[in-house]
Structure formats: structure tokens, C-alpha cells
Amino acid sequence: MNTFRNLHPLTLLCYFAFMIVFSVFNFNPIYLALSLFGAVMYAAVIQGAGVVLRSFVGYFAMFLLIAVTNPLFSHNGATALFFINDNRVTLEALVYGAVLGLAIVAALYWFRSFNEVFDSEKYRFIFGRISPGLGLVFSMILRFVPELVRSFRDIKSAQRAFGSNQGRVKRYLGSFSAVITQSLENGVITSDSMNARGFGLKHRGLYSRFRFTLYDGVYLGVAAVLFSIACIGARGFEYYPYIKPMEFSAMSILSVCAFGALSLIPFIFEVKEGIKWRISVSRI
Amino acid sequence: MEDFRIENLSFKYPKSDEYALSDIKLCVKSGEFLLVIGESGSGKTTLLRMLKNELRPHGEMSGEILFRGNNIASLDERESAKRIGFIMQDPDSQIVSDRVYSEISFGLENLGLEKEVIRARVAEFASYFGLNAEFERSTVTLSGGQKQLLNLASVMAMEPDVIVLDEPTSQLDPIAAVEFLDALKRLNDDFGVTIIIAEHHLENIYKYADRVLCMENGSVRLCDSPREVVRKLEDCKIAYTLPVSARLYRELNDKLNPPLTIKEGRELIRKFKNDYYISQKELKNENIAFSCREVWFRYEKNSADILKGFSLKVYRGEFYSVVGENGCGKSTLLKLLNGSVKQYRGRVKQESAAVAYLPQNPKNLFVKDTLEDDFKSVDNSYMELCRRFNLQNLLNRHPYDLSGGELERTALCKLLLTKPEVLLLDEPTKGLDAFKKQELGKLLRELSGEGITIVCVTHDLDFAAEFADRCGLLFDGEITSENFTNAFFTNNSFYTTSSAKLSKGVFRNAVTYGDLLECVKAVDRR
Amino acid sequence: MKRFFAALLIIPVALFCGCSVKSADEYYKETEAKTKSVVTVSVNCEKAIEYQHDGERVNPDILKNYEVSFKDGDTVFDALKTACKNNKLQFEYNGSGDAVYIKGIDYLYEFECGDLSGWEFSVNGEFPSVGCNAVKLSEGDEIKWLYTCDLGADIGNKYKGN
């Protein structure tokens, strides 16, 4: 039922790029809170609320660490809380650290969902769009690495019988060089098999199971409009020497609303599809 | 129409004095199923590779190969890739990409087809080969049989006129091999694809062939229909690889039509309504080499049990074969006996610590650049064993350059240098032809005669029937039946050798071709 | 992994032990003992105002000829510290020992007016080529902290600006 992830890889890539870039470069706690909220809600839908709740501890620790560390290194700001060696530790720096922490945590939550949603097939597709050869190389590496690991394990276990009169390091090195030789040998077969199937012919095509549908177009269009509004109307906070919140005007409020909608899109998408599914099942 | 016409083809590898192929004349009709047989090194692979521009070996070549009337060398690259498919032995290394669907699409992408065309073809061929359920799977996790089917599917997706196959089932277990050959036969029947296939295990494929090409020392010895080959082939090494029914027919000099299948063979044997039987060789031995009692094993805490209350007793100097299908836990069992993994319940009692383990891929035993270095790293007094195994001439070679039979021999030699009392073998006959199997079997018998206990897991039933003292069937994590070899295969109705199937109800305990022959001759003499 | 977290805890604690921590009130209530020897400290950001045109800052003289008394061995850095503390001026520095560097005074930081901007100091019109904590004070010194937008060239530092 994971419908958001079934969107076209380019659509997904654009969306996550929007969100992550905006989260990292905009030091406005209002936007960041919205971004974090959207990311957490979506992660909760695709990974389960329990998993996400458990992840809070780690992320909160990271948030605290960043928030507390910043005032120790930055002494700007008018409100001195205390002094360390004649350098003031200020409220402004603490707040700035907290906002920085918020930004990083929000970006990390988006990355979390991105990882979940963007599987190797989507990577292969994106690389393939850049160049068909690159897509193939990516796919070959994904096959090659597990083969290599397996072969290393097999050789190591086969070498157990002769283990006693060799050092551990030497044995590992021996196994490793054997793995490399074997994979080179097998590489000859692979390259034969590739040549036999016409690898290297001009005009290589690209197969993918993805289709850029109207749905993707609409979705991407809406996201792009919301993103533009959010960007144009965005007003920042000032932190030094005094904290000065953003100005509230019609435009800036619109921008905040647009961004809020943008960050909730994946969550709404999932929930809407879930409800649709239930309704369609109940009709049967 | 002719697909291939080969005129006086001779070929010599660089730096070699002997011709790998000499004066070959052959004509392959469109839609023909041509089976190429011959000992290892008889030039089968060389001949097949000559038929594919991309894979043709370098060397001195004379004569001509015509593909549909034109010289094959003048075939356009795209045409060559598309129209002639090639499948090799090793199921793993032929696979290029990480997912099943992307593997099937690989050739089509190379041909530069439209995305929609590729999409349709991939779907079509995945369905045809029953790979639907595997469609999104990672290729690394497929079984050997599935891998080879995938290779076939990805070649077929390019819609070739001809498929050339070089021992495609030699690395597969018998069930997977039959499945693969059936798929191949179906392709031949359904689409009229020309099939040229080299094989050395003929029991299942022989009946499918339209024609059989027998090769010997790089030349064609005989090329005729399967039945004619049975009739005409003189006694030579190749004749021993024919299906059991055909071999028996040759022995009996019957006037009937030569039989190719067990069904036809039973016609032949039915007239011996006699209760001659092979007496069961029973081994009296009380010294236990090792025993397992109620052993349970799984790889991870939450994974399924591989061994479930497994019990086994093996006596000293015994040759014990564990047979069973893929995934029944055979390899795991060896790892357990080898000490690489540990059971979580039950007891394994080893009387001796000197256990040597021959992995499925014997190359894994070698880590040095020459055999000599490898042997030296184990024990300096290796010359004696080398002489016995007849390896003196190979000492300077790289282990990976050895042929299958040589490799198996050297691997055993290296293991014996550790002076083992128990020898564990994992599929030792994989990829060996019938003669190499015989050699290996005799060698193992010799070793067990010297008091070395041998446990061999295999799905090669003929091998087990011929050389093992006792056999056990491993199924669902335990030994479900166990007996002395002849009784074991006689009692099994399906999971048994071709000879046992053929002689069922006629000669008791005849489970190998040798047994069969003994019975037939004994009856004749009376 | 455990060791890693332990190190993560211990290192900051150890660093804190070498520091003097005071509340803001304590810090500003401290007064230095008056001595006879005095120097004057000026802090001027004229160049920054020129650079920023219509910034909020209008008064170039953050401090003008402010008298600070000092003990033997005190440095230019100590004088600035005292001057800032007495006037409740914000300032931030980096480093320790001879290598103390002033990053910002009164919320005006280096690099705020271009890549070549920052605080420099002169003693009696001369620009020493060492850090401010390496220059000892002597009676009657005139210390000027000047904000430069051009690595010193615009405030008459001949050594650096050319």
C-alpha cells in the first residue's frame, strides 16, 4: 500500500531534494518544525510508529548535543548567561544551536524516509538516465559485492583445514588474494556472456519499469508551485546580537502555509490511499 | 533450410602442436536439436565457440563456417548478437546484473530496442520460463537451476535463431538439470529454435536429440540419429556415457529397435524373468569414526531449522554417501562435521580431530600461485603423494588452470597432506564427465581401503550407487532412510539410479550398470 | 561503542575543568584593583560603517580613549578585556597564550564587511606583528582597536596592507 514510493523516481528525487535542501539552508524554526513534523509523520506511516518513536531518543540526543555545543564555540549575542574564561555564553547562541539541531534532525528524518523509499532499482534508473553505462555498472556492483563476500567466506572456511601452521593475518591475506584471482577468472566468463549478448553495440537502450504518469506530472507540478511560493515568501530569523523573529506579512504567512502543505504531502498521500483502500474493500 | 554449414574446419590454438579441431564437416538444419557428445578435451567447447563470432578463440583456423549461407565472420555485430545465443557452464558468472528483470532486459538494452518493446519482451519471457515469482529478486539469491533458467530466458528474450549451449547442466543438481533440459526441449518444439548442445551426462537429454554428434580428439567420429548412434558406435569411451538402456541393448545384440528411455529399456529386460540377484556387500565394522545424536541446527536465531533431530553413525574406513535434493541441508551437515558451525542442541562426537573438508568449489583450497607453493605451505613431504596422484607434471601450474578432474585430484592430494582420518566431500563429481567420475571414485575407494572414513554429500546417485558402502537420504533435516548401498537404491522407487529403475522387479539389488551386466551375463550362462 | 561514548563525556568535562566559569552578574561586578599605571583603549569601527552604508550602526567610536589601569606584565589583550568588562561590551576571542585572536567586539565580527575584514590593533600608532596577548603594556600607551575592511591597508597598517 506504499503508494508514495510508487511515484516515478525522478518525482521522488525532486521532492526529497526540495525538502532536504530547504531544511538545511533555511534557519527558520517555523519552517523547520513543519518540515520535521512532515518527515516524522511520513516515516511513522511507512516504518511504523513504534520504530519511529524508538528512533526519537537518538535524534533527540543529537539535537541536544548540537544545541549545547554551539554556545561553547560561538560567543556572539547580547544576552550573556555566564562567562567562561572571559568569553560570554549567550542565550542567542543557544537558540541558534537549537535551530541548527532542528535543521539537522529534520534533514535526517527525510533521509530516513528517502532510504526506505529509494531502493536499488530507483538508483539504477537515475544512474541509467545519466548514462546507460553507469546504470549497468551500478547494477553489476550490486551483484558483484555479495558474490565477493560469499566467495571470501567460502575460501576462509575451506582454508580452516590448513590453519595451524600459518598466522591469522597471513591466512586472511591468502584468502583475500584467492578471492581476487577467482573473481578475475569469473570476470572473464561474465565478459564473454556480455559480449555474446551484444554488449558494446551502439545505441544502448534503457529498460525500466517506471513510467512517468499524469499522476507524477500533477504531483510534481503541485510540489513545484508550493515550493516556489515557499521560497519567494520566505523570511528568515535573525539571531545575533538579538533574536529577531521573522516579519509576518501576507506573503510570508502564505509561504509558511505552502511549505507546511509541501511537507505533509507524503503523509497525506499515504493516509488518503489507505482510506481509499479501506473504502474500496468495504464495498466488496 | 540450413542454419550452419561447416566445411573442412580445422583449428589449432596458438603455441600448440595438435589440432583442437581437425577437418570437421557438419550441417545443422533449422530447428534441429543437435547433441554434441565426447570426452572432456575432445574439442566440444572449441567447436561450439567457433559458432559464435564474439567467443571464437584465437588461433590458426582453416575451412569455412557458413551461417544461413553466408560466411559467419561477415555477420554484422548486431545480427550476430541477436541471432545466435550462447550459454555456458557456470550459472553464476554468466549473470551480469543484480535483479532478475534487469538481467532479462540486458541483451535487449544492448540491441537498443524501444523501452516499450523491451518491457513487453521481458514480461513475456519471464512468464514463459516461470520466473514471475522471481521477477524482482536479487540474482545472487537464486538457486543454480534458477540461474541457468534465467540465463536461458535472457538469451531467448533476444529471439535468436540458434542457441548454442556448452554443458549447461553440469553444475546443476539432477532435478534442476531435467527442468532445464525440458525447458530447452519445449523451446525447440514451440518455436523451432535450433539447439546445439554439448553434454556429458546423457541419461535425460539423449532422447530429445534429433541428431547426435560424437567427437573424439577434435574430429567427428560419428554423426547420426540417436538410435543409429547406439547401433553404429564402436566400443569406445563415449559409448560408456550412453543411457543405461542403450548400453544394455548394445551388450545384448538384440534385433529390436535400440531403446533410449527406461520405458523402452524395460521391454528389453522383461524377457529375463529370473530372480538372479546381486548379493549385498555388508561391511562389518564396529569402530565408530563419528556419530551425531539428535542434532538441531539453524544459522540464525530467527531462521528456520536446517537440521532437525539429525542422527548418524559412521564407521571407521567407511564410505558413506548422503544423498538428497538441493537445500535439504547437505552442505550444512558437512560444515557441522567440519566444525565450521555448531549445533544448538544434540551431540556430535568425533573420534578424531583430523578432519579434512573438500568444498564444492575445490579452487577454494588453493591460495598460492603454483601447486608446489600450495603443497609446501601444508607439508614439505608432498612428493610421495604427488607421485601417487600422478601430479608431478602439474606442480608448476597455477591451480586455476587445471581441468576439472585434475583439480579434484590435486585438491584431494592437498587435503591428504594434513593426514586426515575423516574426509568430507561436498559434491565431488560436480562438472566431471563420466570417466573422471570413475577415476575419482576408484581413488576414493582406495583411500577408504586404507582406513580413511569418507562422508560424501552428493546428488549424483549413480556415483553413490557405484562407490559408497552405505547411503542415507537426507530430507527435511534428518536422515529418513539409510541402508547399505544396494539395498538403499533397490528400496527407493523414485529416488534411485537409472539402472535400478530399469531392473526393478527383475534383478534384485542391481543398482549400477555393472550389476546389471553381471545379472544379464549370469542369466545368459545358465 | 561504550568507550566511544565515555570519551565523548570525559573530554568536555576535562576541558571544563581548566576553565573559570562565572555568572554574568559576578563577571561584571568584578573590579580590578586600581593602580597608578594607565593606558587608554579606543575601539573604532569607522570603516565598517562606511562599508555597510545604511547599517544600524551610526557611532564609529565604540570606545574612545578609555582609561584602564594595569599591573606589571599585563598585555594589550588584558587591557581590552578590562575595558570591555567595565563598559559591558560584548567581545569574543579565540585561542590562548600568545596566540589570542579577537574575532569580534560589540557584535561586530570579522568577515562581516568582506573577506579581508576584521579587528586589528595599534599601540602608539604602530601595528605590532604579533598577537595582542604577546604585547606588554607600558605606562601611557595608546591602544587602538580598529576595524579594517582591507587587511589593514585602509587603517594605515603598513606591514600587512599592500
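This is a predicted model: local features need pLDDT of at least 70, side-chain atom pairs count only at pLDDT 80 or more; totals for chains, interfaces and linings use all residues.
Student: What makes up the secondary structure of chain A?
Tutor: Chain A has nine helices and two strands. Helices are DSSP runs of H or I with at least four residues, strands are runs of E with at least two, and both are numbered from the N terminus. From that end, the elements go α-α-α-β-β-α-α-α-α-α-α.

Student: Why is chain A called more spread out than a compact globule?
Tutor: The radius of gyration is taken over C-alpha atoms, and the globule rule is 2.2 Å times the number of residues to the power 0.38. For 284 residues the rule gives 19 Å, but chain A has 26 Å, well over that, so chain A is more spread out than a compact globule. Along its principal axes, the C-alpha trace of chain A spans about 70 × 65 × 45 Å.

Student: And what about chain B, how does its radius of gyration stand against the rule?
Tutor: There the value agrees: a compact globule of 526 residues would be near 24 Å, and chain B has 24 Å. Its C-alpha atoms fill a box of roughly 70 × 60 × 50 Å along the principal axes. Chain B holds 18 helices and 19 strands.

Student: Why is B:E79 called partly exposed?
Tutor: Count the C-beta atoms, placed from the backbone, within 10 Å of its own: 20 or more others means buried, 12 or fewer means exposed, and in between is partly exposed. B:E79 has 16 such neighbours, so it counts as partly exposed. You'll find B:E79 in helix α2 of chain B. By the buried cut-off, 32% of the 284 residues in chain A are buried, and 51% of the 526 in chain B.

Student: What makes β2 of chain A and β1 of chain C edge strands?
Tutor: Start with the order: three strands form an open, antiparallel sheet, β2(A)-β1(A)-β1(C). Two strands pair if DSSP finds at least two bridges between them. β2 (87-90) of chain A and β1 (21-23) of chain C each have a single partner strand, so one side of each is left without a neighbour in the sheet. The twist averages 30° from one strand to the next.

Student: How do you know that β1 and β2 of chain A pair?
Tutor: β1 (residues 80-84) and β2(A) share four bridges in the antiparallel sense, against a cut-off of at least two. One bridge to look for joins A:F82 to A:V89 in β2(A).

Student: What makes β6 and β10 of chain B edge strands?
Tutor: They sit in an open, mixed sheet of six strands, β6-β7-β8-β3-β9-β10. β6 (84-87) and β10 (219-224) each have a single partner, so one side of each lacks a neighbour. Inside the sheet, β3 (residues 33-37) and β9 (residues 211-216) run parallel, with four bridges. Here B:I37 stands opposite B:C214 in β9(B).

Student: How do you know that chain B touches chain A?
Tutor: Two residues are in contact if their C-beta atoms, placed from the backbone, lie within 7 Å. On that basis, 51 residues of chain B are in contact with 45 residues of chain A. Helix α3(B) gives the largest share of chain B's side, eight residues.

Student: What makes a group of residues a nonpolar core?
Tutor: The members are buried Ala, Val, Leu, Ile, Met, Phe, Trp, Tyr and Cys residues joined through C-beta atoms within 7 Å. The largest core has 164 residues, and those touching the most other members are B:L35, B:V36, B:A153, B:I196 and B:L424. Leaving aside neighbours within four places in sequence, B:I196 has contacts including B:V28, B:L34 and B:V164. Another core, of 39 residues, lies apart from it, with A:V45 and A:F267 among its members.

Definitions and conventions
Residues are numbered from 1 along each chain as its sequence is written. Chains are lettered from A and ligands numbered from 1 in the order in which they are written. Axes are lines fitted to C-alpha atoms, for helices over the stretch in contact, and angles run from 0 to 180 degrees between N-to-C directions.
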